[in-house]
Amino acid sequence: MTQAATKVLTAHIPLPLADKVDQMAARLERSRGWIMKQALSAWIAQEEERDRLTQEALADVDAGIVVDHLSVQAWADSLGTDQPLPLPR
């Protein structure tokens with residue numbers, strides 16, 4: 001099995017956060033590095049998804065697929081009432 005190439009990244013982490021990483025590593029019986037890789041991978045995946053959704057939304061705007069402000073305002077005003085409006089489309 002070949003091992004993937006790696007690169008060391010250094011970051012200054014606030015002590016309370018570093019303590020939480022250490023606690024998680026101990027609880028999961030994993031290394032601090034493993035915890036950091038998991039956290040970074042999850043954050044990157046989240047940001048990539050956020051970017052994908054933003055690009056999709058911008059493409060909709062460019063194509064004129066939008067919901068007008070008054071429809072959104074009426075929907076928002078109806079939330080918490082006895083008869084909320086359906087999500088505007």
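Modeller: Happy to! This is a predicted model, where local features need pLDDT of at least 70, side-chain atom pairs count only at pLDDT 80 or more, and totals for chains, interfaces and linings use all residues. Residues are numbered from 1 along each chain as its sequence is written, and side-chain values use heavy atoms, with hydrogens and water left out.

Biologist: Which residue takes a positive phi just after α1?

Modeller: Helices here are DSSP runs of H or I with at least four residues, numbered from the N terminus. α1 covers residues 15-28. Just after α1, a positive phi of about 55° is taken by E29.

Biologist: How are α1 and α2 oriented to each other?

Modeller: Their axes, lines fitted to C-alpha atoms over the stretch in contact, are 9 Å apart. The angle, on a scale from 0 to 180 degrees between N-to-C directions, is about 110°. Angles of 65 to 115 degrees count as roughly perpendicular, so α1 and α2 are roughly perpendicular.

Biologist: Which residues of α2 make the contact with α1?

Modeller: Contact means heavy atoms within 4.5 Å. From α1 come V21, D22, M24, A25 and L28. Their partners on α2 are R32, W34, I35 and M36.

Biologist: Where does the charged end of R30 sit?

Modeller: A charge sits over a ring if CZ of Arg or NZ of Lys is within 6 Å of the ring centre and within 35 degrees of the ring normal. For R30 the distance to the centre is 4.2 Å, and the ring belongs to W34.

Technical notes
Helix = DSSP H or I, 4+ residues; strand = E, 2+ residues; numbered from the N terminus. Parallel < 35°, antiparallel > 145°, perpendicular 65-115°, else oblique.
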